Amino acid sequence: MKQIKYTLLVWLAALILFPAGAGATETAVMQKDLKIQDVFQRYGRKKNVTMVELSNEMLETYGMTRYKSITIKNDPEALNFTRQCLEADQKGARKIKEVTDDGGVISAYYQLPGKEADINRFVLFKVNAKGVITLVYIEGDLDSDDLITILFTKKDL
Amino acid sequence: MNIEELLDRYFEGETSADEERELRRFFASDHVPDHLSAYRLMFAYFDEEIAEGKDKAEEIWSEIAPGVIQERHFRLSRRSVVYILSTVAACVLAFLGISQLLYPADPCFCSDNYVVINGRCYTDIHKVRSSAFEALHEVATPADEYFPEEDSDAADRRLIDNQLKELGSIFSDDE
């Protein structure tokens, strides 16, 4: 009887520990339903790449809960990959604004629904004349007008 | 040694385990003399008990001092607990090892705000902020590219304004 009790305790401990471990890994993968997360994961730590992540109180004043951006220089393969990811994520978007040049997207703005009703998610993309790719992911209760204000106000975050 | 002498010693409680085994083997055989056949049943019973795995000594002890047996049981359980805990610890370590392998630890995992430049992680808040701003500034292309609908009116207005100016200048020239 005691052994059964201990076995039950062991299972309980395992059940408590497993979601904790899984949760830790889940936190690392924020926008896991979006394909652009692969861009951050694949290129985030490479040379000529700058990846930024902001969250919590630092973004509160802007109505954001998460900010993530990546800037990739001199990598045509990364540009192709990013465009593929954007094409996949575009399907679930609520609003889409794109500028294409020679058949390829050079700038994009997608507004995607969040997991909660009052949460919006934005994907911003641009590749400049020098081939520098910039991809930004923003999540929060801000709307597109708020985002425009942030984008066109030359103010530090 | 004679089997009868052995039997006497058995009843005196002087036999060893081997001798008792020999007695049981003897009474289980077909060579038991008639005058000793009465003991056959008794030894058969002991054999049966042993086969069933019943520990007579334990039974006796449980009658005499039940606490002693309980303590013995507890000792066994404690050992099982140690085994179980060791197994759990090994499982947890294995789980952590595997998760580390599958999801390598993020050097910035302890920070909510960070910037990774050329593979190196920085958590200096000014560096993080300026890097974020640079990226945001970069994607902030002119509004007519991002929001053609909103700005088409403005563009149209600009066009109309220019045309009106031209028209105005024509009129002024005429004057």
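Within chain A, E53(A) finds its bridge partner on strand β2(A) in K68(A). The structure described here is a predicted model, in which local features need pLDDT of at least 70 and side-chain atom pairs count only at pLDDT 80 or more, while totals for chains, interfaces and linings use all residues; side-chain values use heavy atoms, with hydrogens and water left out. Residues are numbered from 1 along each chain as its sequence is written, and chains are lettered from A and ligands numbered from 1 in the order in which they are written.

Helices (H or I, at least four residues) and strands (E, at least two) are DSSP runs, numbered from the N terminus. Strand β1 (residues 49-55) of chain A pairs with β2(A) in the antiparallel sense over seven bridges, where pairing calls for at least two DSSP bridges between the strands. Strand β6 (residues 133-140) of chain A also runs antiparallel to β2(A), and eight bridges join the two. One of the residues involved is Y67(A), whose bridge partner in β6(A) is I138(A). Of the nine residues of β2(A) (residues 64-72), eight are buried, so the strand is largely enclosed by the rest of the structure. Here buried means under 20% relative accessible area, exposed over 50%, and partly exposed in between (1.4 Å probe, protein chains only).

The interior can be followed through its nonpolar cores, each a set of buried Ala, Val, Leu, Ile, Met, Phe, Trp, Tyr and Cys residues joined through side-chain atoms within 4.5 Å. The largest core has 27 residues, and those touching the most other members are I36(A), I70(A), V123(A), F125(A) and L135(A). Elements giving two or more residues to this core include β1, β2, β4 (104-113), β5 (120-127) and β6 of chain A, as well as β1 (114-117) of chain B. The most, five residues, come from α3(A). Another core, of 23 residues, lies apart from the largest one, and its members include Y67(A), V136(A), L142(A) and A132(B).

Helix α4 (residues 144-152) of chain A has S144(A), L147(A), I150(A) and L151(A) as buried residues. They span an arc of only 115° around the axis, which places them on the same side of α4(A); the arc is that of the directions from the helix axis to the C-beta atoms. Among the elements covering these buried residues are β2 of chain A and α6 of chain B.

Turning to chain B, the count is eight helices and two strands. Buried residues make up 21% of its 175 residues. In helix α1 (residues 3-12) of chain B, the buried residues are I3(B), L6(B), L7(B) and Y10(B). Their arc is only 100° around the axis, which puts them on the same side of α1(B). D8(B) and E12(B), on the other side of α1(B), are exposed. The cover over the buried residues of this helix includes α2 (17-28) and α3 (38-51) of chain B. After α1(B) comes G13(B), with a positive phi near 80°.

R24(B), in helix α2 of chain B, counts as buried at 18% relative accessibility. Aside from neighbours within four places in sequence, R24(B) is in contact with F43(B), F46(B), D47(B) and I50(B). R129(B), by contrast, sits in helix α6 (residues 125-139) of chain B and counts as partly exposed, at 28% relative accessibility. Its C-alpha atom is 8.8 Å from that of N113(B), 16 residues apart along the chain.

D102(A) is not a glycine, yet has a positive phi of about 55°. D102(A) lies in the loop between β3 and β4 of chain A and counts as exposed, at 80% relative accessibility. In chain B, N118(B) likewise has a positive phi, of about 50°, although it is not a glycine. N118(B) belongs to the loop between β1 and β2 (120-122) of chain B, and is partly exposed, with a relative accessible area of 42%.

How values were computed
Contact means heavy atoms within 4.5 Å.
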